Amino acid sequence: MLRTVNRVLIGVIGLVLLVFGGAALAVGLGVRPPSWWIYDGPRDVLLSEADRTRWRDSGWWWPTIIAALAVLVLLALWWLTAILRRRRLSEVLVDTGDGEGALLRGRALEHVLATEAAALDGVEAAQVHLKGRRSTPRARVRLLLEPHVDPGTTLTRLTAQALTHARDSTGLASLPAEVRLKGVKHHAERVN
């Protein structure tokens, strides 16, 4: 959801900047703008002196401008932190049993889990993403099931085999998982 909102916002902002920047460049190079456009020629300004000073003496003007700019800055900072925040777990802390710990790459554990899950009967493809903290990871598993497969049996096998192996091999007390199952679309069978 956030990825879609991010792409739409970047696209809309980019389109607006491209239109206004291109129009300003074209007018600056001597292209005659239409009569309804915001400025008329290369020497024209976006806001005239009368427009800029019209509300200056009103008591509400500067607090409103400062509040609007503060809201814009806060929204931009929220957007930036949402983009920069890590979505995946980069490493998992493995208990080595000697009081020390080792770090396992999160992508390696995801790959092993996905490979083992894809090898289960009735699973056509598997995707695994790790989230959470490195000492308490959570798995998000997506399985694409072949037609005529019992989802309950596949889920039981996934829990008993792949997730249990991953939990035991990393020495974790638990490995909670969110599993999403989706069936492969297939054509209707013909009966003769």
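1. A word on terms before we start: contact here means heavy atoms within 4.5 Å. With that in mind, helix H5 (residues 151-170) lies across E3, E4 and E5, and runs at about 140 degrees to E4. Please remember that this is a predicted model.

2. Now to the sheet under that helix. It is an open sheet of three strands, ordered E3-E4-E5, with mixed pairing. The edges are held by strand E3 (123-132) and strand E5 (177-183); each has a single partner strand, so one side of each is left without a neighbour in the sheet. From one strand to the next, the twist averages 15 degrees.

3. Next, a closer look at one pairing. Strand E4 (residues 137-145) and E3 are antiparallel partners, joined over nine bridges.

4. Which strands does helix H4 touch? Helix H4 (residues 106-118) packs on the sheet and touches E3 and E4. The direction of H4 makes about 150 degrees with that of E3.

5. Finally, the aromatics. The structure holds one aromatic pair. Its members are Trp 60 and Trp 61, with ring centres 5.9 Å apart and planes at 80 degrees; the pair is therefore edge-to-face, since planes over 60 degrees apart count as such.

Terms used
Residues numbered from 1 in each chain as written. Predicted model: local features only at pLDDT ≥ 70, side-chain atom pairs only at ≥ 80, totals over all residues. Heavy atoms only, no water. Pairing = 2+ DSSP bridges. Helix = DSSP H or I, 4+ residues; strand = E, 2+ residues; numbered from the N terminus. Axes fitted to C-alpha atoms, helices over the stretch in contact; angles between N-to-C directions. Phe/Tyr/Trp six-rings, centres within 6.5 Å; stacked < 30°, edge-to-face > 60°.
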